[in-house]
Amino acid sequence: MITNTELEYKGNLVPNAYKSHKKSSNIVTFQSENNVLLQVHVVRDSILRFRYAPDGFFAKDFSYAIDEQQPHGFNELTVQETDTTVVITTAKVKCVVSKQDLRIGLYDLEDTVICEDEMGFHWEESFEFGGNYVKMSKSSPEGENFFGLGDKPTHLNLKGKRLSNWNTDQYAYGKDLDELYKTVPFYIALHNKMAYGIFFDNTFKTHFDFCHERRNVTSFWADGGEMNYYFIYGPGIDQVVQKYTDLTGKPEMPPMWAMGYHQCKWSYYPESKVREIADQFRKHEFPCDALYLDIDYMDGFRCFTWNNTYFPSPKKMVDDLKAQGFQTIAIIDPGIKIDPDYSVFQEALEKDYFCKRADGSYMKGKVWPGECYFPDFTNPEVRQWWAGLYGELIEQIGIKGIWNDMNEPAVMEVPGKTFPNDVRHDYDGNPCSHRKAHNIYGMQMARATYDGVKKFAYPKRPFVITRAQYSGGQRYTSSWTGDNVATWEHLWLANVQVQRMSLSGMGFVGTDIGGFAEQPTGELFTRWVQLGSFHPFCRVHSSGHHGDQEPWSFNDEVLDITRKFVRMRYELLPYIYTMYHQYVQHGTPMIKPLVYFDQTDAQTYYRTDEFIFGDQILVCPVQEPNALGRRMYMPKGGWYNWWTRELVEGGQELWVEAPLDKMPLFVKQGAIIPKYPVQQYVDQIRVETLKLELYFKLGREHSVVFEDAHDGYDYHKGMFSLRTLKLYGKEQELNLNQHREGAFEVPFSRYCIELIGLPFTPSKIWIDTEEVSLTDVQFDPVAMTILVDKDFHALVIK
């Protein structure tokens, strides 16, 4: 007879004593007496993966985040057993597993502590959903600091914070709001000037506690799934970030036009309004490369359709915009209107491509078209179908990029603003509930979009931008920080969020310049354009019912200043294109917080305002009204003021003048900054002369310039130009050597080199060991410029 039907609550469960271990290739598997399994995968000498199976078996090993195309390997792997431990040693780290309870300690080869388990792995059974809540706690040394975790709208340093990851449509979100549009369960820890990273690859709702509950304990846990995390040893923050980005994947080079200025609004319609906006940009000689079409271009907000009243001839409009130098970007949302006369709906219904609830009924939700069904983008067959839908937009009409929105997924007028937990997903042959698939839904939509745009844009490169993301999504798409607000606080958030996203591997990122919700003042808009001009993605976007937000919508002063800064961005395009190449090739962030630039300086640990743009430009935006300047911290080294060319030494805080028409900008001593002439759009003109601004330094420095055709895939076949410029400055001499790689013939034939901060007046010049006269190089003693052939090997100035 049954007398008690209550399920037993067991609380936190832990592995007990070690039972055995065995090594197979690069995996060491441990078993405890209570049948808990631990696998330690040696991915690289400095990357270890830890998987735990509390029930004695592992589920199928599958991840959307990890880039399976990336090769991995290690130089050394030994396993040694003692009476109390098992020690796994690579060429970089030691992993010590306790025989008492399988707790982990990680050390460098000199036995310096990098990271140690506190309670270590523990779990709690979930009787409501099945499976387990999986948990990990680590000891945190005094002075440890934490960075990363994607788009969190909070201080750059996460010490003392407790945060969760659940992709959520948060219109007009505020500072310190926990859950936003993206899930990046990766953080960087820094203590004793040594850095490591943790990537918790679990797509369920995840949580992180950075010494919030207990001052010397860091924890992370998930509402389901597997305790599956990667430990990434630096010891430099740069090494951690680059290894993480390599692990989760890097994108292809975007087309250069994607790096220009973009203009967007909810919504530009009808066609006459779009044409008016284009004409105004060209009339005001304000550079712009892309215009966006929001949902009003569609027929009743049905994806992949056109409103023939607003846009009677979309192809002609797109062609005409192209002739003016504008690329056209169109929005596509995931919700498909329930309409028996709508072909996209009918096809998906017939092929059973829509998400379903646990009882087999369709997942129905209200979004812009009204009641909708939603494709299951975790099904590879659905992704292939979705990719094919872009044929008309891209190949026939000529749309150049796609903007995916509302893909958290967002649902209106329901609790939680998203799908219920019982919605079922294919998950690439690993069926699951929405609890597991929610955080990767938007990423997989963007993946399908990327496949379609790439297919139909070929031989040109695709451009995709998405609101929702998960780690690894940078392989497919750029992103932005969502529905922000036209406030000074959000200008501060824009700065911090882009820095954090860059540390989190998602480098192609920007914000809605000026704020999406509400209306900015002219001053706020100006300061935001100044900041956005130094972000990887540069787009003004706004909600139309709050007013106009084009640069000419304020007054002539705002127009003049914002135009000046956008023109500066277009001059810097070869520098920006080069930093994109470094990101694509090496995983190097394009935006570098000061702590990334110099982790040995404790003054950088809590700095949020200053950042390094690329490798050699220091930026510090003005983030409050009525300011004529601001205090900022100069990191180590010498820095030239962009505006005055004055040289200042780093390692100090100082006051910098910044009236409305200026923003504090500095160039690293020794840098060589490449510049184009001002253009109204990318490749408007053929660049005959590339300007190089050379900022003199006593000592050595190197710079690089990457060029290719600015679109297409020939750069994969060696059709690129990578020029390394090595500077060596002496008291009365300047040496500049150039090394060239690649087969691409650059369009320019010569350099115009501006000599900034040169401590002597040139009297003699040698090019490739041959002395030439100052007249031969057209030396201008006022402008301090010379003209030299682009293919020189060695330049000496005395």
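This is a predicted model: local features need pLDDT of at least 70, side-chain atom pairs count only at pLDDT 80 or more; totals for chains, interfaces and linings use all residues.
Does R686 count as buried or as exposed, and at what relative accessibility?

1. R686 counts as exposed, at 57% relative accessibility. Its salt-bridge partner is E688, with 3.8 Å between the closest N and O atoms. This distance falls inside the limit applied here, because a salt bridge requires a side-chain nitrogen of Lys or Arg within 4 Å of a carboxyl oxygen of Asp or Glu. E688 is partly exposed, its relative accessible area being 45%.

2. By the same rule, the count for the model comes to 61 salt bridges. One of them joins D111 to K94, where the closest N and O atoms are 3.0 Å apart. D111 belongs to the loop between strand 8 (104–108) and strand 9 (113–125), while K94 belongs to strand 7 (residues 93–98), so the pair ties together parts that are 17 residues apart in sequence. D111 is partly exposed, with a relative accessible area of 47%.

3. A further salt bridge is formed by R645 and E754, whose closest N and O atoms are 2.9 Å apart. This pair links distant parts of the chain, 109 residues apart: R645 is in the loop between strand 38 (638–641) and strand 39 (647–649), and E754 is in strand 47 (residues 750–756). R645 is partly exposed, with a relative accessible area of 31%, whereas E754 counts as buried at 11% relative accessibility.

4. Salt bridges also occur as a network, which links D169, D405, E408, R467 and D483.

5. D768, E770, D776 and D789 form a negative surface patch.

6. The pairing of strand 16 can be followed through two neighbours. Strand 12 (residues 162–165) runs antiparallel to strand 16 and is joined to it by four bridges; in this pairing, L163 has F208 as its bridge partner. Strand 17 (residues 217–222) also pairs with strand 16 in the antiparallel sense, over five bridges, and here H207 stands opposite W221. Strands 16 and 17 form a hairpin with six residues between them, and C211 in the turn has a positive phi of about 60°.

7. An open sheet is formed by three strands in the order 22-24-23, with antiparallel pairing. Its edge strands are strand 22 (336–337) and strand 23 (365–367), each of which pairs on one side only. Strand 23 is joined to strand 24 (residues 370–373) by three bridges, and the two run antiparallel. G365 stands opposite C372 of strand 24.

8. G515 is buried, with a relative accessible area of 0%. Its C-alpha atom is separated by 9.1 Å from that of A172, although G515 and A172 are 343 residues apart along the chain.

Key
Residues are numbered from 1 along each chain as its sequence is written. Side-chain values use heavy atoms; hydrogens and water are left out. Patches are made of residues with over 30% relative accessible area and no salt bridge: like charges are joined within 9 Å, nonpolar side chains (Val, Leu, Ile, Met, Phe, Trp, Tyr) within 5 Å. Accessible areas come from the Shrake-Rupley method with a 1.4 Å probe; for residues, only the protein chains shown count as cover. Lys and Arg count as positive and Asp and Glu as negative; His and the chain ends are not counted. The place of a charge is taken as NZ of Lys, CZ of Arg, CG of Asp or CD of Glu. Two strands pair if DSSP finds at least two bridges between them. Buried means under 20% relative accessible area, exposed over 50%, partly exposed in between (1.4 Å probe, protein chains only).
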